[in-house]
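I opened this model to look up two residues and the setting of each, and I kept the entries in the order in which I checked them.

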Amino acid sequence: MALPFPIPDTLSSAFVMSRCTPADVNAIAEVYYEGFLSDPRNTFWWPPEKEDMIAWNRRRVRHKMADRTTRHFKITDVQSGDVVAFARWDIPEGHEAVFGDGNEDGAAAVDVSQVVTAGENAERDLPVTSAPVEAPTPWITDFPKGSSPELLRSLFDKLIVTQEKHKAKTMLGLSLLCTSPKYHRRGAAQALMLPMLALADAEGLKAYLEATPLGKPLYEKLGFREIDHLSFDLKKYTDKFDEVYRFSVMIRDPKSPS
C-alpha cells in the first residue's frame, strides 16, 4: 500500500519506509518494550514480567491497527529486515484521506524542508521521546497481566482529561514514536515525523504530542512548544525512583510556505 507522502531524502539507503501491517505486530511490541526500557522511568506502570507487557502491547497494536483514525508507519533495515522504528499517528476527523485512508493512489507532494525551523538543525534521530502510554479510545479495561488497574486508570484518566482540555482530537496527534535502541542516532524516527508534519502544514493543522523529558528539546527544534504538563510522583508507584517524572504536553502550529 502506497505511502501518503514522499520518503524524505535524509533517510539512509540502508533503510526503507512503509506502512505497518498485522505481520509487524510482534516486532513493534518488541521495539516498544526495548525502546522505552532504555529509560526505566518510562516503565513505572509496567507489570514486572516482560511477556505480560509484550502480550498486552500486541493486543493494543492489533486494536489500533483496526482503527481507521490511526496511521502506523515503520522504518525497516533493508539487510536484516528488522523494524528499526515505528510511529503511530491519530488523524483528526475530516482529514483521513490526506494522511492515507487506504485508497490513495500515490504520494502527496509535500516539502519536508520547511518543517525544521530555519537556522536550526534538528537531531538526526529522535530516540524514544513520546509518552510511553496513550489514552485508550474508547475506554478499555484490558490491562497488562500483573499491573495495577488502579494505577493505570489514574494514568489514563490524566491523559484523557488533558487531551480533552486541549482538544487534541482536532489536531494531528503523535501518539507513539519509538526506535530500537540499536538504531538510535540513525535518523529513522525523524524521517517518520517530517513528512507527516509537512502534510499537517499543507492542511493548516496543528500537531499534538506528549513528550518525555528527553524528547522536549528535540521536539522544540521541530516547532513544538509546551502548553501544559503531566506530573507523576514516581515514589507513589514504585520503590525504584524517588522523583517526579514530567511529561510535556506540546503543540506545533502549522508553518506557512516560505
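**Entry 1: Phe44**

I looked up Phe44 and found that it counts as buried because its relative accessibility is 7%, where buried means under 20% relative accessible area, exposed over 50% and partly exposed in between, with a 1.4 Å probe and protein chains only. I note that this is a predicted model, in which local features need pLDDT of at least 70, side-chain atom pairs count only at pLDDT 80 or more, and totals for chains, interfaces and linings use all residues. Residues are numbered from 1 along each chain as its sequence is written, and side-chain values use heavy atoms, with hydrogens and water left out.

I placed Phe44 in the loop between α1 (25–37) and α2 (50–65); helices (H or I, at least four residues) and strands (E, at least two) are DSSP runs, numbered from the N terminus. Leaving aside neighbours within four places in sequence, I listed Leu151, Leu155, Phe232, Leu234, Tyr237 and Thr238 as the contacts of Phe44, contact meaning heavy atoms within 4.5 Å. For Leu234, which is 190 residues from Phe44 along the chain, I noted a C-alpha separation of 7.0 Å.

**Entry 2: Asp77**

I then turned to Asp77, which is found in strand β2 (residues 70–77). Asp77 is buried yet has no salt bridge, that is, a side-chain nitrogen of Lys or Arg within 4 Å of a carboxyl oxygen of Asp or Glu. The nearest side chain of opposite charge is Arg186, 5.7 Å away. I did find a polar atom of the Asp77 side chain 2.9 Å from the backbone nitrogen of Gln79. Not counting residues up to four places away in sequence, Asp77 touches Ala14, Phe15, Asp82, Val84 and Tyr183.

**Entry 3: the whole chain**

I read the order of elements from the N terminus as β-α-α-β-β-α-β-α-β-α-β-β, which comes to 5 helices and 7 strands. Of the 258 residues, 52% count as buried. Among contacts with a separation of 6 or more, 78% come from residues 24 or more positions apart.

**Entry 4: confidence**

I recorded a mean pLDDT of 85 for the chain, with 84% of the residues at 70 or more; pLDDT is the predictor's confidence in each residue, from 0 to 100. Over residues 102–114 the pLDDT is below 50, and the model gives this stretch 29 contacts beyond near neighbours in sequence. Residues 116–123 stay under 50 as well, with 17 contacts beyond four places in sequence.

Conventions:
Lys and Arg count as positive and Asp and Glu as negative; His and the chain ends are not counted. A polar contact is a pair of N or O atoms within 3.5 Å; within protein, one must be able to donate a hydrogen and the other to accept it, and residues adjacent in sequence count only if both atoms are side-chain atoms.
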